[in-house]
Structures are given as structure tokens and as C-alpha cells.
Amino acid sequence: MTQSKETLEQTDTQLQLTIGQRIRSRRLLLKMTQQDLAVTLGLSFQQIQKYERGSCRLSATRLVKMCEILSVPITYFFDSNFNLSNTPFTTSFTAVQEKKQAELGFSLPVEQIKLLDLYEQMSPTVQETVLDFMIGYVKNLNDINQPVADNITHQPIPPHQTYGRRHSRRWSNEREQKLIQHPATLTLPPNGPVKLTSLFQNPPHRLWLEIGLGYGEHFIVTACNYPNDGFVGAEIYLSGVSATLEGLDAFSCNNARIFPGDGRVLLDRVTSQSIDTLVLLFPDPWPKAKHEKRQMFSPYFMDHLKRILKPGALFRFASDAAAYVDKVTKILDKEPSFSCAHRWKSPNRPNLQDWPYTRYEKKALSAGRTCEYFHYLFNPIA
Ligand SMILES: C[S@@+](CC[C@H](N)C(=O)[O-])C[C@H]1O[C@@H](n2cnc3c(N)ncnc32)[C@H](O)[C@@H]1O
């Protein structure tokens with residue numbers, strides 16, 4: 001159906017007004033006077049006034065030139081949020097919101113701009129609470145109707161033998177409760193083997209296990225990159241677990257579970273030949289001889305590695321401690337079932353889409369330490 005002449009005229013005026021307002025807010029943001037803008041366009045400042053008031057229409061050529069000068073894409077003036085038929089776009093925005101729109105360099109619906117404005121007016125503590133609430137709220141919406149695997153119950157975090165702090169100074173009971181109740185938190189049944197694939201709603205294509213995931217940089221990225229795979233992590237440092245859970249929530253990633261405890265407890269329980277990729281990145285080095293037994297990679301770990309990896313599985317390992325690397329490679333190279341597929345050394349780091357820099361790694365590199373990275377393949381000899 002064709003629109004009436006009156007409707008078309010109204011739309012036209014509305015469009016002119018919006019373009020004018022956007023020119024103005026962008027110009028002010030760039031701290032340009034009307035005169036500055038006029039000079040670059042070869043016009044009088046009165047002409048700019050007319051454009052900004054919406055009383056004069058810009059030609060297509062002039063609009064393109066305007067985009068160049070104001071460094072905005074053409075969509076800054078015409079975007080999907082501009083519903084010509086019924087959006088009271090021009091009247092709903094306050095000057096502050098227009099300025100925010102211009103700062104962003106792209107347009108958002110008026111409600112989102114209002115939300116941003118309100119958020120920025122809050123203190124950091126209130127911002128954190130609001131964000132936590134929103135993450136939880138959205139997560140709950142996503143999780144409705146998702147059955148929890150049979151063998152998960154929300155139990156208190158079990159005690160462990162730990163060598164470092166279990167959480168940061170800002171840790172609180174509320175955080176701990178939130179962590180315990182989070183649907184991605186894995187609590188083990190009292191005894192028996194644990195079939196990790198049963199933790200997921202759909203049988204995962206591949207199963208990844210990461211021990212000592214820290215703040216979860218690698219864990220989150222891989223879980224998001226491979227939505228059909230299942231990811232299980234173990235981390236003893238609760239602040240790291242909590243940050244990782246938040247990261248997973250932020251990306252609505254629900255193919256991951258985290259055991260907030262000693263990875264060795266989990267290793268003991270994982271069913272045989274079930275893991276496709278085992279990840280151990282920058283395990284605590286414990287360089288002193290008297291502390292060596294605290295190292296994650298040990299004969300005990302090696303036994304589990306051989307037991308739980310599927311034939312053809314990958315073991316991804318990295319460390320910045322030369323002695324640790326030496327120990328691990330010597331053990332693995334002696335094992336006929338393991339073959340080194342790749343070995344890299346910083347600065348020639350593997351530039352893989354699913355291998356982001358981790359927090360610990362960044363610290364090591366900026367302190368000038370050399371990091372080594374490995375991919376070992378597991379092919380048991382029959
Ligand atoms: C040096 S950090 C590296 C963290 C992370 N992989 C990274 O690259 O940033 C070692 C991590 O292993 C964790 N960790 C140490 N012993 C552990 C254990 N027995 N079970 C689970 N995590 C452990 C520590 O809490 C720490 O987060």
C-alpha cells in the first residue's frame with residue numbers, strides 16, 4: 001500500500017530532524033564549532049544551523065562528506081533502530097542520551113542508552129551488584145527447562161589440602177553461596193566413577209578437561225568456540241572459579257562445568273578413556289626440591305592421563321618454568337604412547353584461535369620469561 005503524501009512528508013521531516021540532531025551531537029563531541037564544520041564543507045555557518053535544526057535537507061553527496069568529516073559511518077544517520085513509521089526517536093532522546101549515542105559512534109535503541117546512562121551514574125559497588133543481578137537473571141531465563149544432570153547435587157565445597165590461598169580478600173559468604181548454587185558448578189557424588197558426558201544435556205561431541213584453569217581465559221574461549229563440545233574444569237582457587245562462571249554467563253555458554261576443588265580428586269573419579277583433550281596450562285611450578293611433590297604433573301598424574309585419555313586424544317601443556325618443562329617432556333618422551341605433535345617457544349607462540357593468552361602467561365611474558373607450549377598426541381600401543 002502506498003503511503004499518503006502527508007505521511008511521507010511527516011517521515012521526511014522526522015528524518016531531517018534526526019539527521020540534524022546527530023550532526024549536532026557528533027560535532028559537539030568532536031568539539032567543533034558550526035563555523036569549523038561550515039568551513040570544511042565550504043558552506044556558511046547559517047547553513048549548518050539549518051541542517052542541525054532539521055529545517056533544510058542534505059543532499060546525498062553532502063551527507064557522505066559529512067560522514068567523512070565527522071568520522072562516522074553512514075549508518076550513524078540511518079540505522080535499523082530508525083523505524084520511520086512509528087518510533088518517536090527524535091523526541092525520546094534527551095540531550096545527554098544523544099551525546100552518549102554520539103560517543104558510542106553507533107546507535108542503540110533509546111532504552112539501552114537510558115540503561116547505560118543510569119549505569120554510569122552508579123557507584124562501582126552498585127554497578128557490580130546490578131551487573132551480577134542481570135547476569136543471574138539472564139542466565140536463569142536461559143536455564144529454565146534445562147534438566148540438571150542426575151548426579152549433581154548442590155553440596156558444600158569439600159575440604160582440600162591446599163598450598164595457597166583459596167580466594168581473594170574480597171571473598172564473601174554470598175559469593176561462596178552463589179558459586180555453590182551456580183548450575184555450572186560441579187559437585188561430585190559421594191563415591192564411584194563420574195561419567196562427565198552425563199553432565200551435559202546433549203552428549204558432547206568431544207570432552208575437554210582443564211586442570212587449574214585460573215581465571216578461565218582459555219576455558220571460556222574454548223567452550224564458546226566449540227558449543228557442541230563439553231568442557232569440564234577444575235580449579236582450587238575460588239575467586240578464579242567465580243570469575244570463570246561469570247565469564248561463562250556473560251557469553252551464555254552452557255556447555256561447561258567447573259569443579260571448585262582439587263583437580264586430582266576429579267582425576268581419580270573420571271571414567272576411563274573418556275577425555276578428548278586434557279589441558280594443563282602453567283601449573284604452579286613449585287621449583288624448590290622440597291616442594292616438588294606439590295607439582296600437578298607427577299607419576300600419579302601420568303597414570304591418570306593414560307587411563308582417562310581416549311585413543312587419539314590431545315594433551316595441551318604450557319609452562320614458563322624450564323625445569324618443569326624438562327621434567328614433563330622427559331617423562332612423556334619416554335612413553336611410547338605419547339608423541340609430540342607440536343612444540344613452540346615464545347615469542348613464536350601458537351597463534352591458534354582456541355588458545356588465548358592466559359593471565360599467568362601474560363605475567364610471565366611481561367616479566368621476560370620464556371614460555372613453552374606443547375601438543376602431545378596419545379595413541380596407546382595395543
Ligand atoms: C600458575 S596458575 C595458572 C592458571 C591458568 N592456567 C593460567 O594459565 O593463567 C596455576 C593454577 O592452578 C591452580 N591449582 C593448583 N593446584 C591445583 C589443584 N590441585 N587442583 C586444581 N587447581 C589447582 C591454582 O589455583 C592456579 O589457579
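Two residues are in contact if their C-beta atoms, placed from the backbone, lie within 7 Å. Keep that in mind for the close-ups below, which show a predicted model.

**View 1. Ile 275 and its contacts in the largest nonpolar core.** This core holds 53 residues, and Ile 275 is among those with the most contacts inside it, along with Leu 209, Ala 256 and Leu 278.

**View 2. A second, separate core.** Here we've got 9 residues, including Ile 19, Ile 48, Leu 70 and Phe 77.

**View 3. The shell around the ligand.** Count 21 residues surrounding the ligand, the closest being Gly 212, Gly 214, Gly 263, Thr 358 and Tyr 360. Helix 12 (263-269) and helix 15 (359-366) are the elements that each supply two or more residues to this shell. By type, the shell splits into 10 nonpolar, 5 polar and 6 charged residues.

**View 4. Met 296 in its loop.** Look for Met 296 in the loop between strand 4 (275-281) and helix 13 (299-308). Is Met 296 buried or partly exposed? Met 296 is partly exposed, because it has 19 other C-beta atoms within 10 Å, while a buried residue needs 20 or more. Leaving out neighbours within four places in sequence, its contacts are Ile 211, Gly 212, Gly 263, Leu 280, Pro 283 and Phe 301. Arg 264 sits 32 residues from Met 296 along the chain, yet their C-alpha atoms are separated by 8.2 Å.

Methods: Residues numbered from 1 in each chain as written. Predicted model: local features only at pLDDT ≥ 70, side-chain atom pairs only at ≥ 80, totals over all residues. Near = placed C-beta within 6 Å. Helix = DSSP H or I, 4+ residues; strand = E, 2+ residues; numbered from the N terminus. Nonpolar A, V, L, I, M, F, W, Y, C, P; charged D, E, K, R; others polar. Core = buried A, V, L, I, M, F, W, Y, C linked by C-beta atoms within 7 Å. Buried ≥ 20, exposed ≤ 12 C-beta atoms within 10 Å, placed from the backbone.
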